[in-house]
Amino acid sequence: MKRVFYISDDLDDLELVEYELELSGISPPQIHVLTDKDADVSSHHHLHPVKSFMRNDIVHSTEIGAVIGVVAAVLVLLIAYLSGAVAAVGWLPFIMLAIVMLGFITWEGGLFGIQELHYQFRRFKQVLSSGQHVLMVDVEPNQELTLANVTLAHDKLKPAGTGKAPPHWLISLQNQWAKMKRTMP
């Protein structure tokens, strides 16, 4: 999958684009609007805003923290082994220290990510602060022509590049969840 970004300053037009995309077979979990004007988006019932959890860089920063934590844990164990301290007190204190360091550094990475805009959205920081909106569409290769046909009919949309989309299985899971919610009484 590929994520395609567009910039617009007209939420009414974005709502129409989203409606046309859905009529063309692109599912709602594939379409999101990133904006600093969440109240305005909520008044457009057909628009799907980016969830606050996904706006921040929590997941990405936690992953980076986990990698750094693994390196730190391995260093603790390596230093303990090379210094000969293991012979004196055994492995248990050093394994516990390595686990604590791994957990703490991973946690710190997540805390750092809460404060940061998602790494894919940082390039739009100035666009968002100027009051414009970013339309994000996650498409399969066979949906790219559909996306192009719909977006070309809207002059207010400006292409803003591409990025990494969530995995296909996640979009499928969201589609299944939406179907299940519709069938529940």
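Are F5 and F124 buried or exposed? Both F5 and F124 are buried, where buried means under 20% relative accessible area, exposed over 50% and partly exposed in between, with a 1.4 Å probe and protein chains only.

## Ground rules

This is a predicted model, so local features need pLDDT of at least 70 and side-chain atom pairs count only at pLDDT 80 or more, while totals for chains, interfaces and linings use all residues. Residues are numbered from 1 along each chain as its sequence is written, and side-chain values use heavy atoms, with hydrogens and water left out.

## Aromatic pairs

You'll find three aromatic pairs here (ring centres of Phe, Tyr or the six-membered ring of Trp within 6.5 Å; planes under 30 degrees apart are stacked, over 60 edge-to-face, the rest tilted). F5 and F124 make a tilted one, with centres 5.0 Å apart and planes at 50°. F5 sits in strand β1 and F124 in the loop between α6 (92–114) and α7 (125–129), so the pair ties together parts 119 residues apart in sequence. Helices (H or I, at least four residues) and strands (E, at least two) are DSSP runs, numbered from the N terminus.

F104 and W107 are tilted as well, at 5.7 Å and 50°. They're three residues apart in helix α6, about one helical turn. F104 is partly exposed at 47% relative accessible area, and W107 is partly exposed at 49%.

## Helix α8

In α8 (residues 144–152), the buried residues are L147, V150 and T151. They span an arc of only 90° around the axis, which puts them on the same side of α8; the arc is taken from the directions from the helix axis to the C-beta atoms. This buried set packs against β1 (2–8), α1 (11–23) and β3 (133–139), contact being heavy atoms within 4.5 Å. The face turned away from the buried side carries the exposed L145, N149 and L152.
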